[in-house]
Amino acid sequence: MSAKSGGAKAAKNDLAEGRKLIASNKKARHDYLIEDTFEAGLVLQGTEVKSLRMGRASLVDGFVDIDNGEAWLHAVHIPEYAQGTWTNHAARRKRKLLLNRVEIDKIERRVNEKGLTVVPLSLYFVKGRAKVEIGLAKGKKTWDKRQSIASREADREKQVELGRRLKGMRD
């Protein structure tokens with residue numbers, strides 16, 4: 001699977017694929033170099049689903065841990081459902097991820113061998129099912145972040161200049 005770059009095009013692609021974006025982790029894409037991505041289902045309680053349908057979640061501090069052959073999502077904040085009763089959920093509980101055995105083994109092997117970490121990138125609904133996109137990530141150094149910003153700005157300047165030339169505008 002490939003990682004998507006943000007913007008209006010990504011939003012149009014999400015609608016075309018039937019995806020309803022709930023939350024995205026922009027900080028993860030800035031702080032880490034994403035090597036591979038996976039889509040996983042989530043085991044949720046009823047009030048969590050209702051809270052997600054209201055578009056409320058935060059992936060900023062989240063991470064994935066493999067424990068006894070199962071993948072768990074930690075520190076993702078899904079706030080309590082406002083109309084919930086005593087059946088409400090804990091906001092930062094660990095949630096089980098639904099991945100097949102081959103994917104879990106691949107993730108665990110790469111985390112142990114290469115020292116990668118697994119971070120949640122986005123949380124969304126596909127055909128009424130809550131999904132989370134997780135990425136195998138390698139931490140960036142400060143100069144990598146500056147280099148990413150500089151290349152992004154250079155690409156943007158190229159696009160602006162190309163647009164100006166296509167419209168017949170000169171300096």
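1. Helices (H or I, at least four residues) and strands (E, at least two) are DSSP runs, numbered from the N terminus. A contact means heavy atoms within 4.5 Å. Axes are lines fitted to C-alpha atoms, for helices over the stretch in contact, and angles run from 0 to 180 degrees between N-to-C directions. With these terms, helix 4 (residues 101–114) lies across strand 2 (32–42), strand 3, strand 4, strand 6 and strand 7, and runs at about 150° to strand 2.

2. This is a predicted model, in which local features need pLDDT of at least 70 and side-chain atom pairs count only at pLDDT 80 or more, while totals for chains, interfaces and linings use all residues. Residues are numbered from 1 along each chain as its sequence is written, and side-chain values use heavy atoms, with hydrogens and water left out.

3. The pLDDT is the predictor's confidence in each residue, from 0 to 100. Its average over the chain is 84, and 85% of the residues score at least 70. Over residues 1–6, however, the pLDDT is below 50; this stretch has 14 contacts in the model beyond near neighbours in sequence.

4. The chain holds five helices and seven strands. Along the sequence they follow the pattern α-β-α-β-α-β-β-β-α-β-β-α.

5. Strands of a sheet pair through backbone hydrogen bonds, either parallel or antiparallel. Here, two strands are counted as paired if DSSP finds at least two bridges between them. Seven strands form an open sheet in the order 1-6-7-2-5-4-3, with antiparallel pairing. Strand 1 (19–24) and strand 3 are the edge strands, each pairing on one side only. On average, neighbouring strands of this sheet are turned by 40° against each other, direction ignored.

6. Strand 6 (residues 117–126) and strand 7 (residues 129–139) run antiparallel and are joined by nine bridges. Pro120 stands opposite Ile134 in strand 7. Helix 3 (residues 46–53) packs on the sheet, where it touches strand 1, strand 5, strand 6 and strand 7; its direction makes about 80° with that of strand 6.

7. Asn68, although not a glycine, has a positive phi of about 55°; it is placed in the loop between strand 3 (63–67) and strand 4 (70–74). Ala75, also not a glycine, has a positive phi near 60° and lies in the loop between strand 4 and strand 5 (95–98).

8. Buried means under 20% relative accessible area, exposed over 50%, and partly exposed in between (1.4 Å probe, protein chains only). Asn68 counts as exposed because its relative accessibility is 73%, whereas Ala75, at 22%, counts as partly exposed. Of the 171 residues of the chain, 33% count as buried.
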